[in-house]
Structures are given as structure tokens and as C-alpha cells.
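Morning, everyone. I have one structure to walk through today. Please look at the screen.

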Amino acid sequence: MIFSRNPARGSRVLNGLALLGITGILGMAFAWQFIYGELPCPLCLLQRVALILAGVGFLLNMRLGPSPMHYAMSIAASLGGMLASGRQVLLHMAPGDPGYGSPFLGMHFYTWAFIAFCAIIVFCILMQTVDRKWGDSMLKKPVSVLGVAVMALFFIMTLANVGGTTLECGFGPCPDNPDSYLWLSPQAAR
């Protein structure tokens, strides 16, 4: 098992894989936004924020060592994300409602997000059953090059999503059904 020889390293690897998964979800949503021209709605943006906050919990576990507080942060963010994605699922349950955006593998992104948030909560619960607090000794151990790369990729995807949201909404409230980027539309130039 991954925890048998070096439990601290095993925890870093699993938290790194979880962070990589979140980064992949954020990257997929961000790419879809530009490739298919489907702007995220306010509920979609809330789900992205919840994913970023859940990812910060895993990033802290990688950098500072596993802590119930870091897992609690990921769980709390996932509960918020479940509220936003669950609300969006419920908004589009009416017969004949096509949903918001085009589906991916038969389900909309908000349905996939709800499943991802459930998986994050289950992961955190399982990790807390096998993890221990390793204390400040984790700070003395360097993070591997791969771990640093995963953390950097997460930061890049976070900044890209913040930039995309700023292009879409500016510094004000986002439109309920966005159809253009506020800062890229011809009206913004005036």
C-alpha cells in the first residue's frame, strides 16, 4: 500500500493526485469555455470557486502536511459547490429543458461538478481515516519536482479562470445568461 513504507509521502502523492484532478476539471471547463464559446453562468463560476478552494486544501496538505483542518476546508468548499451545482441541476430538471451549455459524455458540467464534489468529500473522509498529522517536520522536507509542477499548474489554472471571469463580468455582477465577454465586446471599447 502507498502508506506502508512512508506514510507522509503516500499522503503527498494522494493529495497531489486529487489536486491534479481538480486542476484537470478546471482546465477542461476553461478550455470548453473558449473552444465552444460557452460562457459560464454565475452558478458555474461559484462551482469553479468551490473547486479552487477545495484544491487549496489539498495544496496545503502537500506543502504543510496532512491536517484535519485542510481536509475540512476541502469538505466545506465541496459542500458549497454541491449547493451551487445541485441548484443548477434542479433548475434544469423540467421536461424539455435542454439545460445550460452542451453536455459532456451525456451530462452537463454542473451534473459532473456535483459528482466531483461528492467524490472530494468521500476522498477527504477516507484520507482522514488513514492520515495522521505529521506536524512541522513536513516543512523540513522538500516537495518533489512533480509536486511543485502540480501546484504550479493549479495556480496557473486558478489565474486563468479568474482572468476569464474578469473578461466575462468585469468587476460587476455577472449576467444570468451570458452571451459575450463584457471586456471583449465592441461595446466595451466605447
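Start with the buried side of helix 3. Its buried residues are His 70, Tyr 71, Ser 74, Ile 75, Ala 77, Ser 78, Gly 81, Met 82, Ala 84, Ser 85, Gly 86 and Gln 88. Keep in mind that this is a predicted model.

Now the length of that helix. Helix 3 runs over residues 68-91, which is 24 residues. At 1.5 Å a residue, the span should be 34 Å. The end C-alpha atoms are 34 Å apart, so expectation and model agree.

Next, the aromatics. How many aromatic pairs does the structure hold? Nine. I'll show two of them.

Pair one is Trp 32 with Phe 109. The ring centres are 5.0 Å apart, with 80° between the planes, an edge-to-face arrangement. Trp 32 sits in helix 1, residues 7-35, and Phe 109 in helix 4, residues 109-130. The two are 77 residues apart in sequence, so the pair ties together separate parts of the chain. Is Trp 32 buried or exposed? It counts as buried, because its relative accessibility is 13% and the cut-off for buried is under 20%. Phe 109 is partly exposed, at 26%.

Pair two is Phe 58 with Phe 123. Here the centres are 5.4 Å apart and the planes stand at 80°, so this pair is edge-to-face. Phe 58 comes from helix 2, residues 42-64, and Phe 123 from helix 4. That links parts of the chain 65 residues apart. Phe 58 is buried, with a relative accessible area of 1%.

Back to Trp 32 and Phe 109 for a moment. Together with Tyr 36 and Phe 104, they form one aromatic cluster.

On to the cysteines. The structure holds one disulfide. Which residues does it join? Cys 169 and Cys 174, with the sulfurs 1.9 Å apart. The torsion about the S-S bond is about 110°, so the disulfide is right-handed. Cys 169 is buried at 4%, whereas Cys 174 is partly exposed at 23%. Two other cysteines to note: Cys 41 is buried at 6%, and Cys 124 is buried at 0%.

Last stop, Asn 177. This residue lies in the segment after helix 6, which covers 145-169. Asn 177 is exposed, because its relative accessible area is 59% and exposed means over 50%. In sequence, Asn 177 and Pro 42 are 135 residues apart. In space, their C-alpha atoms are 8.4 Å apart.

That's my tour. Over to you.

Technical notes
Residues numbered from 1 in each chain as written. Predicted model: local features only at pLDDT ≥ 70, side-chain atom pairs only at ≥ 80, totals over all residues. Heavy atoms only, no water. Helix = DSSP H or I, 4+ residues; strand = E, 2+ residues; numbered from the N terminus. Buried < 20%, exposed > 50% of the residue type's maximum accessible area, 1.4 Å probe, protein only. Expected span 1.5 Å × (residues − 1). Phe/Tyr/Trp six-rings, centres within 6.5 Å; stacked < 30°, edge-to-face > 60°. Disulfide = S-S within 2.5 Å.
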